[in-house]
Amino acid sequence: MFIIILKILLLIIILCILAYTIRHYIFTLNRLFGHQRHPYVDVETAQWPKIAVLVPAHNEEAVISNSLEALLSANYPHDKLIIHVINDRSTDRTREIIDGFAARFPDTIKPLHRTTGVAGKAAALKEVMLYVESDIIIVFDADYIPGKGLLKQLASPFFDPEVGVVMGRVVPVNTKTNLLTRLLDLERSAGYQVDQQARMNMGLVPQYGGTVGGVRVAALESVGGWLDHTLAEDTDLTYRLMLKGWKSIYQNRSECYEEVPENWNVRIRQVKRWASGHNQALARYLTKWIFNNNISFRERIDGLMLLGIYAMSPIVILGWIIAVTLFYLGEQTIANAAIALIAVASYSSIGNFAVFFEISTAVYLDRSGNRIRLLPLNFFNFVISILTVTNSSVKQIINSRDGSTKWDKTPRYRVSNFILS
Amino acid sequence: MNIGTTIFLIVTLLLMVLPLLPAISEWLKPTDEKPVKIVQDFDSDTSHFAKGFADYIRKNFGWFFSENPKAEDEHGVLKDGTVFTLFYNSDKLQLSTEETSRKKTSRLLFAENDFVLSGNTSYHKEIYGKRSVVSGENSNIRAILTEEDIHLQKNTTIIRWAHAGRVLRADVNCTLYGRISAGDYLLLSVPCSFQRMSAPLIQFGEYSEKTAQKTWSPKLALNNFRPLETLPDLKEQDGRRWLVSGDLRIPSNSLFNGDIIASRNMTIGAGSVINGSIKSNGRLYIEDGVQVQGSVVSAGDMIIGSGCEIMGPVIAEGKLLLGKDSQIGGENSQTSVNAPVIHCHNGARVYGTIWAYDSGLLLSDSGVRG
């Protein structure tokens, strides 16, 4: 009886892994051979809507200047642009720098200095909404350096009245630092260039990532605004909006540089945060997503798989354990097959879009060259991810807490006046 | 351990280690570690190349703009190897014997005054006119920039871009590849083909005010309209957004306030007024005389009937047909029209930008080109 139960569990786990593997194969093939959708990115001339760019900042003295300079250089009509910089309890020179910009550009830059209230990015965004008078908000992290045309590109999808949220592509800029940053560069490429774009092409669920993205204010208000007790406000918002019939859009050509973690401790913390936030969203929206009438069948399937993507890590490990157990209990036929299948397929299905063939395809589409040689080393990134996510997921279940309410941000590595070569 | 096992272990080890060798090599001696390139100064401007060429002209011929015109035309070679001819007094291009026989010229042509190009010729380098330029018939022009007007005579092809400081006019059977722009307006004759064009006004053929007269003119308005308070098969409604399940048909002469989204096909009945934006997740058919105050978006094909007025933008993921004497945008509200394939009927006009990613055609009234 025990063995039968183990076999059934193992079969279910294998089917789940296969489902994700097939999903990522489909995404890859779509990206290579399917019809590519970029319907909004080429809107050149328009009566541009009023936008509010939100820049949450916590101890960002090293990078905030470059970000604000870049935003001020954008070709978006300045009479339709307000930049709200939210300084959340910074202890460095962030406040002073922001006030300097506000003094120089009083009509465009509006600072908000928070000293009380719930800490964290989501809470900061929630508070600044009291001052936003625009129809569209666009969020940038303080270390991002948007290009001249990026604001128009992120605003243009909102001419479609069905669009509630837009996401652009983030590209790592600190790739030269060490092996970790190069591996993360590959991972990000796969996630955006292949995974997100394929979901856009196929009318699935491109995910809003919390930065280099925009939200329609009316849509945000219709779903209750920003929630300040979420670990992943981006994932949470994506699902809340789609449940209400709004669409999530991804624009691959709307690119912006970002910094990725440069050491494993930071990377692990980042993965833990993502995993916890994603699992939180899974718990909140799983049932609603299954029974909602506003989403199509394919959105329903993809959305469910997206919700479960971080939950797959502990499931894969459980699959390994069961397979090995069955092996030593003498059920070698099924165990051998399962071990082999899991070994081959599991790396294709886990984590933050870090799928090997998606990475290969992304590198090809980016017309990058030899960096693809690093692909086998991403296996170690995968192992660390799967263990980290499993650890985080198990702790989350045990503690059953609603996430932290503090800034758990990625450290900044750039010095001021960083010039992109 | 016997030799067979030893060989097996060695082969297994090799299979595991070999893929790591290029990886370790790239790690220790990086050859491709720069960030993926992003075009930071991308500005989506149709006249981007024209502006770049204008800078090139000023940089290489700056002396031309500051000195008095000379008596004779001038020939030369720039530092980058470009062969050029400056026409100070000539108003017509004279090709050399070789150019005439080969029916092409590779000179950069620079004209001080109004200028006429030779017909039946391919121009492989850019052309600059300080005033206006008229192309010869049956010409292929790589790129052309003028400070005043451009007149493309029939059967002229633009390969990369063209920009007129004031008016660009294309006669019948012109093919306008690449980017076409003008400071005042573009006028295309039936039939023509195009890709990407931008100007304060783009006129396709001849506009007929009579045909464009709207059935909903303010004098008639309120008595003739049926205000719509709700929509059938409504899934969600909050604020201005009305989300409808399935196909949707708005009856003729309706007046609706709000943004309408249909999960499948949508038809807007003739003479209706929509004070908002519309989105169809299938095919969108806008009948004659409809006015839409906002944007119009379709996931499939879109047909805009005659005499419609749409403030825009207009975005179709399928084929777009712009009806006779329809108007997109306005004098004070330029906008964009984007679709993979765009067919325009005689009299349509667009204020702003029109971009047919694959192909754009200006059709005669019969709908057949040529």
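Is A:Cys256 buried or exposed in this predicted model? At 0% relative accessibility, A:Cys256 counts as buried. Buried means under 20% relative accessible area, exposed means over 50%, and partly exposed lies in between (1.4 Å probe, protein chains only). The model is predicted, so local features need pLDDT of at least 70 and side-chain atom pairs count only at pLDDT 80 or more, while totals for chains, interfaces and linings use all residues. Residues are numbered from 1 along each chain as its sequence is written, chains are lettered from A in the order in which they are written, and side-chain values use heavy atoms, without hydrogens and water.

B:Cys192 is also buried, with a relative accessible area of 0%. Its sulfur lies 4.8 Å from the closest cysteine sulfur, that of B:Cys174, which is too far for a bond. A disulfide is a pair of cysteine sulfur atoms within 2.5 Å. By this rule, the count over all chains is zero.

In chain A, strand β2 (residues 81-88) is mostly covered. Seven of its eight residues are buried. Helices (H or I, at least four residues) and strands (E, at least two) are DSSP runs, numbered from the N terminus. Two strands pair if DSSP finds at least two bridges between them. Strand β1(A) (residues 51-57) pairs with β2(A) in the parallel sense, over seven bridges. Here A:Ile51 stands opposite A:Leu81. The chain crosses from β1(A) to β2(A) through helix α2(A) (residues 64-72), and this β-α-β crossover is right-handed. Right-handed means that, with the strands pointing away from the viewer, the path from the first strand over the helix to the second runs clockwise.

β2(A) also pairs with strand β3(A) (residues 109-114), in the parallel sense and over six bridges. A:Asn87 in this pairing stands opposite A:His113 of β3(A).

A:Trp274 sits in helix α9(A) (residues 264-291). Its relative accessibility is 23%, so A:Trp274 counts as partly exposed. A:Gln196 is 78 residues from A:Trp274 in sequence and 17 Å away in space, C-alpha to C-alpha.

On chain B, a nonpolar surface patch includes B:Ile10, B:Met16 and B:Leu18 among its residues. Together, the patch residues have about 670 Å² of accessible area. Nonpolar side chains (Val, Leu, Ile, Met, Phe, Trp, Tyr) are joined within 5 Å, like charges within 9 Å. Areas come from the Shrake-Rupley method with a 1.4 Å probe; for residues, only the protein chains shown count as cover. Helix α1(B) (residues 3-17) gives the largest share, five residues. B:Leu18 lies in the loop between α1(B) and α2(B) (20-28). At 46% relative accessibility, B:Leu18 counts as partly exposed.

Key
Patch = residues over 30% accessible without salt bridge, like charges linked within 9 Å, V, L, I, M, F, W, Y side chains within 5 Å. Salt bridge = Lys/Arg side-chain N within 4 Å of Asp/Glu carboxyl O.
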